[in-house]
Amino acid sequence: MLEKILLLLSLSLSVAEGLCKPGVGEAYKVRFSIKTALGDQAYPWNKNEMFLFRAALAFAMRDFTNGEEFGVSDIHPCNETQRVSFWFVVTRPKTMDLVDKGTVEMAIKKSRNRINGAFLLTDKTLEFDGIYPTLAAPVSPDTPPWLIVFGVVMGAVSVGIIALLVYPLVQRKLKKNMDADDEDSDEETGVKTAENGANDGIYNSTFSDDERFTQM
Amino acid sequence: MRLVLPNPGLDLRIPRHEDLERMEKQEAADRPKWDNKAQYILTCVGFCIGLGNVWRFPYLCQSHGGGAFLIPYLILLVLEGMPLLLLEIAIGQRLRKGSVGVWRAISPYLTGVGIGSMLVSFMVALYYNTLIAWIMWYFFNSFQDPLPWTNCPLNENRTGFIPECQQSSTVDYYFYRVTLNASNSIADSGGLQWPIIICLLAAWTVVCICCIRGISTSGKAVYITAILPYIVLAIFLIRGLTLKGALSGIKFLFTPDVEELMNPTTWLDAGAQVFYAFGLAWGGLISFSSYNPVHNNCVQDSVILSVVTGLTSVYAATVTYSIIGFRATEKYDTCINENIRTLLNGFELPEDSITASNYNAALHHLNSSNPDTVFGLDIKTCDMQKLLSEGVEGTGLAFIVFTEAITKMPGSPAWSVLFFIMLLCLGLSTLFGNIEGVVVPLKDFNLFPQKWPHEILTGATCFVSFIICLLFAQPSGIYWLTLFDNFAGSVPLLTIGLFEMIAVVYIYGIDRFNEDIKFMVGRKPSIFWQITWRFISPLIVLVILVFYLVTQAQKQLNYLVWDINSETFPALTSIPYPSWIYAVIFLLAGVPSLVVPMYALCRLIFVCYKKKIGRYFISRHHENNHGNAFEQTLLTHLNVNTH
């Protein structure tokens, strides 16, 4: 443990590449999942893409610190793997002072969309270990849609109820008008013979004993 | 000589064959009629085919040996379901009364059977319509993209999701928290959920308006509610079969496991499912058949209904399991991909080195070379069988499994709307029969003034039911609903069905019944019907009832709750019922079952008492020569002949 700290201290005073040590200090890990995101149209990872990453991150730092002249050389990657993941540290322009983790995090958070866009990736396929993406709030309309549908259904039901209540009244009115017309025509034609299937007589159910059910 | 219990006065209580013919010619307007045969068949089909065909039968099929379950199901359909069906249809058509009227006509002591049917229909209508209300809530919420149960709500600092949602799943959270706001136990009822109240109001008004004039309105509504589910099932079948993984679901459903046939539970479950699937003992079928013309071929109708119900169950099961297979495959693929990602990230391997096809080999290789690292990565096991068999019964199927599957289909809002409309139609058509089984007996009882039109009676019933349904709008509502489902709709139906068969075969008289069917249809029922009515069907129902009671009495009554704080979260926790629940269970299951013997007993006591009082006053009357005015009125009231 002690040797590691001494090594770190000695290295930090030496060449710039020595600044980046995975897992310690101000280093962040970034992971690209290009094939997952783009499938057949995936581009291969090479030095040019790495350059683009450094440029994008320098832009993010410039944007956040509002003018400090960060350049590509201020982003130091290391420990690149086949997974396409690597660690990086950021140093202040023209000096070798490491920028602290908090500032780097906030800069990345601010320009996350731009960085993603540069690589045609998303929050899930371009991951910064430890920096959680701010999730987009779900779109909620002013009137909940379900209330609208409920209103439609209840409206239809109310129309149905009103129709059911009004229909017999309307029918009765029409019948009254028709009866009034019939009476006029009856007086004109005189007596009509009753033809109600009177061969057998009509069975008058008043006299039949329907209440044969014993009562409790 | 057939065994028939003495039943004096039967001929006075029922219309003779000649009376029936005359009433047919008269076309008496006081009794409603079907517009055509199709309406009657559709109403009965709609009544029989309900939510249980979609979410109970497929589960039973899958858990009791897949394709092999069809054997006990079809056997019991023919031996138990069809005879009872013909019995109810024929007796309704012959005696031309609702359920209370029919049993009262056979014997006044049997009115209890009708009362039991009415009580059961009422209690089932209560919780069934609550299910309809929940379906309506989901239906109303399906008209948006993305569907509200696709995503979890965010927590305060918008970096993650609400923990309850994160630990379970979006669909679980939406059902238990957003829709129901489920509490921790059945005793824990805090306030009312107003979205549920609104949906209950919508459900009860729709039912009311469809049933308001009896079969003249509900008969028109069934054209839609009975036919639409078949169309939607066809659409889902076509869609389901084109989805990846559908065939694995169907294979899982129908793979026969013949050993399950040795298990008695399989046969009991099949018998119970046939019984409930046919809507027997609810009184609705008797009522519907009483509006038929006298010479309607009821034997043919019962066979058609049985065949249609059986085929629809299999059809619905196929569709359901194609969708379940799709969902299970999706979840399995997601699980495998997650594991692949974890492995790639953990071992820093290039992206395409592990794919779904070489996953197992790669995992094995890595595990043998670096077991500690692999252990530290916490790889989840992806089990396809487990995914296929999880949560696929009852409300869990419709509101959790299916809604999740729908979110994964392209064009989800459309599929969601279709699915919930289908469930709505299935539920509504069953409810029409239920309401018929409640309102017509109330009318037969003359509890309400005669001059009140049918509309007021239906409206009053629906209003009272809505008020009682507010019990299910509480946060503990789902637990009450499960209680009702388990107890109100199980034992009472079996008991009443048993009493019905005994009543018709041994009190009404099987000979008289055969003569009736010969008069109505033209042919005496064959030996198959005779044997099943007299011995086989009552025996089967009795066996199921006894086994059910025995198993219920033996185990401690537990129920499943949604408890965030329990260890088994997100799975439902099983806790015992509080002790006061037993009183409620007695009310739900005991009262309708016991009302049959209790009513007969009370009537016996009352009649004996009347006779004794009458005899006492006659002797006094003869002594005193006419007695006083009070005794005169009393004697006439007791219908005693004073001369």
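User: Why is Tyr548(B) called partly exposed, rather than buried or exposed?

Analyst: Tyr548(B) has a relative accessible area of 25%. Buried means under 20% relative accessible area, exposed means over 50%, and partly exposed lies in between, with a 1.4 Å probe and protein chains only. The 25% falls in between, so Tyr548(B) is partly exposed. Two notes on the basis. This is a predicted model, where local features need pLDDT of at least 70, side-chain atom pairs count only at pLDDT 80 or more, and totals for chains, interfaces and linings use all residues. Side-chain values use heavy atoms without hydrogens or water, residues are numbered from 1 along each chain as its sequence is written, and chains are lettered from A and ligands numbered from 1 in the order in which they are written.

User: Where is Tyr548(B), and which residues is it in contact with, leaving aside neighbours within four places in sequence?

Analyst: Tyr548(B) sits in helix α26 (residues 527-554) of chain B. Helices are DSSP runs of H or I with at least four residues, strands are runs of E with at least two, and both are numbered from the N terminus. With neighbours within four places in sequence left aside, Tyr548(B) is in contact with Asn486(B), Ser490(B) and Val491(B). Contact means heavy atoms within 4.5 Å. Pro449(B) is 99 residues from Tyr548(B) in sequence and 41 Å from it in space, C-alpha to C-alpha.

User: What makes Gly489(B) buried?

Analyst: Its relative accessible area is 13%. That is under 20%, so Gly489(B) counts as buried. Gly489(B) is in the loop between α24 (477-487) and α25 of chain B. Beyond four places in sequence, Gly489(B) is in contact with Val124(B), Tyr276(B) and Phe484(B). Glu500(B) is eleven residues away from Gly489(B) in sequence and 17 Å away in space, C-alpha to C-alpha.

User: Why is helix α7 of chain B described as largely enclosed?

Analyst: Eight of the eight residues of α7 (residues 99-106) of chain B are buried, so the helix is largely enclosed by the rest of the structure. Among them are Trp103(B), Arg104(B) and Ile106(B). The cover over these buried residues includes α1 (10-13), α6, α8 (111-140), α16 (284-289), α22 and α25 of chain B.

User: How do you know that Arg94(B) and Asp516(B) form a salt bridge?

Analyst: Their closest N and O atoms are 2.7 Å apart. A salt bridge needs a side-chain nitrogen of Lys or Arg within 4 Å of a carboxyl oxygen of Asp or Glu. The pair qualifies, because 2.7 Å is within 4 Å. Arg94(B) lies in helix α6 (residues 70-95) and Asp516(B) in helix α25 (residues 491-521) of chain B, so the pair ties together parts that are 422 residues apart in sequence. Arg94(B) is buried at 3% relative accessible area. Asp516(B) is buried at 2%.

User: What makes the contact of α11(B) with α22(B) nonpolar?

Analyst: Helix α11 (residues 194-211) and helix α22 (residues 412-444) of chain B pack at about 65 degrees, with axes 10 Å apart. The α11(B) side is Trp204(B), Val206(B), Val207(B), Cys210(B) and Cys211(B), and the α22(B) side is Leu428(B), Leu431(B), Phe432(B) and Ile435(B). They divide into nine nonpolar, no polar and no charged. Ala, Val, Leu, Ile, Met, Phe, Trp, Tyr, Cys and Pro count as nonpolar, Asp, Glu, Lys and Arg as charged, and the others, Gly among them, as polar. Axes here are lines fitted to C-alpha atoms, for helices over the stretch in contact, and angles run from 0 to 180 degrees between N-to-C directions.
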